[in-house]
Amino acid sequence: MAIEVKNIVKRFGSFAALDNVDLKVADGELLALLGPSGSGKTTLLRIIAGLDWPDSGEVAIDGENALSRGASERQVGFVFQHYALFRHMTVFENVAFGLRVQPRAIRKDEATIRARVKNLLDLVQLDWLANRYPSQLSGGQRQRIALARALAIEPRILLLDEPFGALDAKVRKELRQWLRSLHNEIHVTSIFVTHDQEEALEVANRVVVMDKGKIEQIGSPGEVYDNPATAFVHGFIGESIVLPVDVAGDAVRLDGRPLNIPALGAASGAAKLFVRRHDMAVGPAGTGALEGAIRHVRSFGPIQRAEVALAGSEGRTVIEIDAPRDRELQAGEIVSLQPRRYRIFAAQE
Amino acid sequence: MSMQTGLATSTTQLRTYAPATDVSVAAPAPRLEIARAEPVTAHRNPRTEPGPIRFIIIALAIAFLSVFVVLPLVVVFASAFSKGVVAYFAALAEPEALAAIKLTLLVAAISVTLNLVFGVVAAWAISKFEFAGKTFLITLIDLPFSVSPVISGLVFVLLFGAQGYFGSWLQAHNVHILFAVPGIALATIFVTFPFVARALIPLMQEQGTQEEEAAISLGASGLQTFFRVTLPNIKWGLLYGVLLCNARAMGEFGAVSVVSGHIRGETNTMPLLVEILYNEYQFVASFAIASLLAMLALITLVAKTILERRLDEAEVPDGD
């Protein structure tokens, strides 16, 4: 089912959690809401679910106004960061809950409920845990049960609030791939909230980057990574080198020295130069836009990460670059750096 | 090739570190010996006191408990049975005693039931919602604990007594509150109000609202959420509060004494009757009733211990 959010405003006291947010989610999409804590992503999710109410704006699920209905009537599956499993019920009863509380007129008979719960437990590959209690499960198992429970009501949309936030790194990675393949299987429109960019880029079809109650950019994982729309997105997604520069016409200067790179249409004045660590080409001294002395090199896997103290800054500006290991860099070496890809954004304030 | 150079640099680094560590080990050696000298003189577990002190503290605690708790309890039962078992049961079978027992049970039933409902509602409001005046409400709940029971009783006399605010109206409509069951029940409800709410608030605050939110998002109505999710989660805490509330409701003296009017066979609860009989030198009868209250206390104590164990189990955090 498609979801449409229009002009949502939500304030907590004087703090604007959501500031005029618009969002369209297509049917069957797997969308990530990505942002730092306090960016409003969870509030937006809770408003769509009906667990919070906006001060103004509209929410439509499948074309019909969702705000006129309470959370219990929206048929929205919600998965909480801390699972929120019913601690006094077995896994089986947790999953069956949504079916058992249906109005008598549409409630299914016991055999149908049992069969459906069994199917869902099979789907999350935890049928052998049916008679355990939540406290006897690991974090990853709990979250999968929480997902099965949310799917039991045949939700029109599935909302996941930091679903892997409380899990350790290894389980997180497994569950990510698992969620991805589960979505391919059941195709329910899903939105998940995360502050972990890697998670968002790896799992979602589309990523919505949020900051301070506003949407900064919406795009495919490739788009938000390769073509960040704002300085915030560039800084938040992927590791970036940020240098304060001055733009005058098409010339870019760092500490008063010209960098010999085009300004790419950035407005004149104070600006910030953003370069990905791996987009900084290392060459022999005197051949690039920047020059500096390597202070320290760490090599791991396919890359070597070098700390470079830029020349002309009295060694105060130190940047970290990732270089391929075709030529080993040495501490103390003077190198030149040339940004292969970069973006220049006007400095805020 | 490149890997080898990498290895070479790391070994040279190791070598340069080696002499440095040697020096650092050699230098503090004398200091180590000084430090070792101390534990020899006082070689004991630092987490406990020496034997004699331990003995004195434990003996003091036991002596205190014996004199102030166990001894009175023994005296109650000894006095109750001082004229034999027959006299004991005869005293309990007196119409006045039976009336007092019945009244006490009735008042306890009324006040515990009402406080159960009020307590759950108050705890629910405080732990699950944010609203202005919440802190004030929490303070207000504790008021009956901080006010002397006699004053709690007097409040109702001021409200419903003949000279009270509603006195003339009540008299005109022939409604009896003071010196009757309603007054005793009201005073008891007031005095015992905090027990259920106090037992539930921390428990419900700790459990948060997520399970309720989950239930609602799964389509449960408010009532279904309460009976299927909230209530099972708080049942042990609720029982705990009810238990303490009941013990206090049956044992309340001060507030009830003020509003009861001491009408024999009608408005005397068990604690009031104990005092009256004692003042009339009917020691066996007095202590027989008192022994019932003492037994209630013992049962409450055992039940409380069991419930506390259950509560600990219920609160076991479902660690991530």
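**Exercises on cores and the A–B interface**

A:Val117 touches A:Phe92, A:Val95, A:Ala96 and A:Leu99, leaving aside residues up to four places away in sequence, where contact means heavy atoms within 4.5 Å. The model is predicted, so local features need pLDDT of at least 70 and side-chain atom pairs count only at pLDDT 80 or more, while totals for chains, interfaces and linings use all residues. Residues are numbered from 1 along each chain as its sequence is written, and side-chain values use heavy atoms, without hydrogens and water.

**Exercise 1.** Describe the largest nonpolar core.

*Step 1.* A nonpolar core is a set of buried Ala, Val, Leu, Ile, Met, Phe, Trp, Tyr and Cys residues joined through side-chain atoms within 4.5 Å, with buried meaning under 20% relative accessible area (1.4 Å probe, protein chains only).

*Step 2.* The largest such core has 48 residues, and A:Val117 is among those with the most contacts inside it, as are A:Val95 and A:Leu121.

*Step 3.* Helix α4 of chain A (residues 139-152) gives the largest share of this core, 7 residues.

*Step 4.* A second, separate core of 40 residues includes A:Ile48 and B:Ala215.

**Exercise 2.** Characterise the contact between chain B and chain A.

*Step 1.* Chain B brings 22 residues to the contact and chain A brings 27 residues.

*Step 2.* Between the two chains there are 2 salt bridges, each a side-chain nitrogen of Lys or Arg within 4 Å of a carboxyl oxygen of Asp or Glu.

*Step 3.* In a salt bridge, the side chains of A:Arg46 and B:Glu213 meet at 2.5 Å, N to O.

Technical notes
Chains lettered and ligands numbered in written order. Buried < 20%, exposed > 50% of the residue type's maximum accessible area, 1.4 Å probe, protein only. Helix = DSSP H or I, 4+ residues; strand = E, 2+ residues; numbered from the N terminus.
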